[in-house]
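Thanks for making time this morning.

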Amino acid sequence: SAVPHEATLALQINDALPKGAEESSSFTPSGNNLGVVCRAGDKRKRWDTSALEDGPEQLQGPVAYMGSDRHYFLSAAQPSDEDKVEGCLASTWNGPSGQGVSATLLLAPVRLAPGQTETLRFVYFFGPKELSILKGQGGSLDENLDFGWFGVIARPLLWVMVKAHAATGNFGIAIIILTLLV
């Protein structure tokens, strides 16, 4: 028809833990630590599954990235045009096979005239939280590598160890070099 159409779209990444995988203790920590991450405007937020038990959480603003976050791995979507994204939504769900999280990009409404097209582009990252890989991806993804309170000390030590490994080709020797330097 000759009538313009308007639609609101969303992009969603889902991640799940199989039943029993979320159980951990001091002696058997879980490597999963499943959560949702989002950078909208100048704010970065990470919600773990327990923070989402009371319902979905939302972060408004132009989104640099959003995705699911585990202790060692990240799945993220980065919109090419942040202005076409209004925010992100984090939620959790339970199913017969386990518990999961959903990270949703809330896209701005699109109004198209008949015959008109609009292309929305995204860059996806699915991989390990390795500092050099995350920095190479851009979009502030490297901030998802959590060094905790000792980040000021840990980042330079990691840099020294990576350089020592590059020189020796052996992480054992790199650790010995790092130990001697410290």
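Let me begin with the hairpin that joins β8 to β9 through two residues, where strands and helices are DSSP runs numbered from the N terminus (E, at least two residues, for strands; H or I, at least four, for helices). This is a predicted model, in which local features need pLDDT of at least 70 and side-chain atom pairs count only at pLDDT 80 or more, while totals for chains, interfaces and linings use all residues. Residues are numbered from 1 along each chain as its sequence is written, and side-chain values use heavy atoms, with hydrogens and water left out.

Turning now to the open sheet, five strands form it with antiparallel pairing, in the order β4-β3-β6-β7-β11. β4 (43-48) and β11 (122-128) are at the edges with a single partner strand each, and therefore one side of each has no neighbour in the sheet. On average, neighbouring strands of this sheet are turned by 15 degrees against each other, direction ignored, with axes being lines fitted to C-alpha atoms (for helices over the stretch in contact) and angles running from 0 to 180 degrees between N-to-C directions.

Within this sheet, β6 (residues 63-69) and β7 (residues 73-79) pair antiparallel over four bridges, and Met66 has Ala77 in β7 as its bridge partner.

Notes:
Pairing = 2+ DSSP bridges.
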